Structure formats: structure tokens, C-alpha cells
Amino acid sequence: MPATPSVTLNNGVSMPQLGLGVFLMPHKQTAQNVSVAFENGYRLIDTAAAYQNEEGVGEAVRKSGIPRDELFITSKLWNADHGYDNAIRGFEASLQKLGLDYLDLYLVHWPVPMRGRATETWKGLEQVYKDGRVRAIGVSNFKPAHIERLLQETEIVPAVLQIELHPTFIQGEVREYAQDHGIQVESWYPLGGQGNSEGLLHLPLLTNLAKKHGKTAAQIILRWHTQLGLVVIPKSSHPVRIKENRNIFDFELDQEDIAAISALDTGVRLGPDPDTANFR
Ligand SMILES: NC(=O)c1ccc[n+]([C@@H]2O[C@H](COP(=O)([O-])OP(=O)(O)OC[C@H]3O[C@@H](n4cnc5c(N)ncnc54)[C@H](OP(=O)(O)O)[C@@H]3O)[C@@H](O)[C@H]2O)c1
């Protein structure tokens, strides 16, 4: 299988373009699935404090024997931990659960604009970054208006913006904004998310493209993400699918295939709207 390509973040750090997402995976299953991912050449793992499975990721990292500097481990600060001191404490709690002494990427999980603490939270992330305990910092579910505020009130431009993004919600304007500001976009719900992916994977356009390229519909969608320059983190709890999702770098979609997939856009989110999402 060809190697996973990398993107270079705005601070020079290299990030694999494909990883395993572990949302909604229980601890034990997480350790097993991450081990399968490592065996199949994955090096990027996307977890979060809220997923309550950081220990499982850490367990697989230790078992793998892969040198730490070849891995790219992301976690995220939960909404209950907004605020400068809380953010630093949240970061330290994640490190401890993962059993690591640094992270590759740490994200603010949601902007929670109704609580108005994103700026001080971001300053907490800037501090752990300056202390050398994380190689890059970024945000998740921030809209351009939320990022603008950070740019005005803080020092460091986020390296990564992780957002809902898939063929029926292609986030054209947000991608353009991120590109203009040197921010790497990373897609969550890349296959449409649990409960929705079935519908997306059976769309005739995608099954036809799958036949055309001798691939599966999931591989077509993931290749679409990577050819758009996005980082993508599909989740699967099935070893066969974990392997399948990694095996996308031995073919190329044509420009018209990419345009046809992008034309599936409905502009409708499947997940929560970041302006109103206020989970605790
Ligand atoms: N920042 C945020 O707020 C946020 C929000 C949501 C997700 N995320 C991150 O993004 C990652 C991915 O999102 P997601 O897990 O919600 O959704 P997803 O990756 O779009 O979809 C996962 C679903 O697709 C199925 N699937 C995976 N590979 C498949 C294949 N090759 N063929 C057929 N079905 C396949 C999975 O089923 P099986 O497991 O049964 O294979 C699961 O039901 C998460 O794990 C998490 O790390 C971040």
C-alpha cells in the first residue's frame, strides 16, 4: 500500500492526511481498533477528552512499539473546561490519560459562543504550545466569525480547523477562508457519520464511481477529501474497513469525478450548529 501523504501545517509541522477517528468507541475496543490501524500503516489518531477513550489510545500506542515521533496524536479540550486555567488542566488530564509527555495536536472542541470564553481558552492552548508540550494547536467547529475573534485577540493563528465536512456538506466558503488564513481543514463525519454513512455510501453517483475505479464507495469519498487537500479521520470498528479506508492512495479521481461529488452538496449539516451547540 502506498504511504499516507502528509500536509505541512502553518508552523512547519507535518501531519498525515489520513487517520483513525475514535468517536463512540469504548475504551477496550479503542485499544484494539487503534492497534489494527497501526498495523495497517495509520499514524494519526483523533481522540478527545469527551470520547472517554484516551486511555485506550495510549494503551495501543505503548503496545505498538512505533517510535513516538512517527505518530501523530490529537486530542480535544471539552466544553466544560473552557477558560485559561481549565484549558491547561484539561490538556494535562488528557496527556495523563494518554500516558504521553506531549501531544501532536490539541484542539478546542467547540467554540460555545454563548459562554464567551473561547479567547481565554485559546490563550491556555497558546501557553501549552509555548511550553513545548504540544506541537500544534487548533480549533474544532469554529466558524470564520469565531476564528476572526481569536485572530484579533490572541497571538497564534490556529494550525488546524476540524469541522463537519462530507459530500453533502462541503463547506466551500469555510474552506476558502481557512486557505486564505493558512489553516489546514480536517473533516469530521467524512463518510457522513454513524447512522448516516449507509445512505451516502449507496448514492448511485458514488457506487458508479466505485465501479469505475475498482474501489468501494467509502474509498471514493475518502479520496475526494484527500484530493481536496483535506485531512480525513474516518472511524470504523471493523478491521476490514479500517484497512479499506487506508487503501486510497493507489488511484486518483478525475477532476470531473471530484466536481460531481462536490455537486452532492445540500448545504445542510447532519451534526450540531456550532453557534448553538452548548453540550456540557
Ligand atoms: N470535532 C468534532 O466535533 C467531531 C465530531 C464528530 C466526529 N469527530 C471525529 O471524526 C471522526 C469520524 O467521524 P464519525 O466517526 O462520526 O463518522 P464517519 O467516520 O463519517 O463514519 C463512521 C461510520 O461509517 C462506518 N464506516 C466506516 N468505514 C466504512 C466503510 N469502509 N464502509 C462502510 N461503512 C464504513 C462506520 O461503521 P463501523 O464502525 O461499523 O465500521 C460508522 O458507522 C470521529 O471518530 C472523531 O474522531 C469529531
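I searched the whole structure and found 14 salt bridges. I counted a salt bridge when a side-chain nitrogen of Lys or Arg lies within 4 Å of a carboxyl oxygen of Asp or Glu. Side chains of opposite charge can pair when their charged atoms come close.

The model is predicted, so I note that local features need pLDDT of at least 70 and side-chain atom pairs count only at pLDDT 80 or more, while totals for chains, interfaces and linings use all residues. Residues are numbered from 1 along each chain as its sequence is written, and side-chain values use heavy atoms, with hydrogens and water left out.

**Entry: K76 and D46**

I looked up K76. Its side chain meets that of D46 in a salt bridge of 2.6 Å, N to O. K76 sits in strand β5 (residues 72–77) and D46 in strand β4 (residues 44–46), so the pair ties together parts 30 residues apart in sequence. Strands are DSSP runs of E, at least two residues; helices are runs of H or I, at least four; both are numbered from the N terminus. Buried or exposed? K76 and D46 are both buried. Buried means under 20% relative accessible area, exposed over 50%, and partly exposed in between, with a 1.4 Å probe and protein chains only.

**Entry: K63 and E59**

I turned to helix α2 (residues 54–64), where K63 and E59 are 4 residues apart, about one helical turn. Their side chains meet in a salt bridge of 3.8 Å, N to O. K63 is exposed, with a relative accessible area of 63%. E59 is partly exposed at 28%.

**Entry: R68 and D104**

I found the side chains of R68 and D104 in a salt bridge of 2.9 Å, N to O. The pair links distant parts of the chain, 36 residues apart: R68 is in the loop between α2 and β5, D104 in the loop between α3 (84–98) and β6 (105–108). R68 is buried at 18% relative accessible area. D104 is buried at 0%. I also noted a network of salt bridges linking R68, D104 and R135.

**Entry: helix α8**

Which residues of α8 (residues 204–213) are buried? I listed L206, L209, A210 and H213. Down the axis of α8, these buried residues fall within an arc of 105°, so they line one face of the helix. The arc is taken from the directions from the helix axis to the C-beta atoms. On the other side of α8, P204 and K211 are exposed. The buried residues pack against α7 (197–201), α9 (217–227) and α11 (255–262); contact means heavy atoms within 4.5 Å. After α8 comes G214, with a positive phi near 65°.
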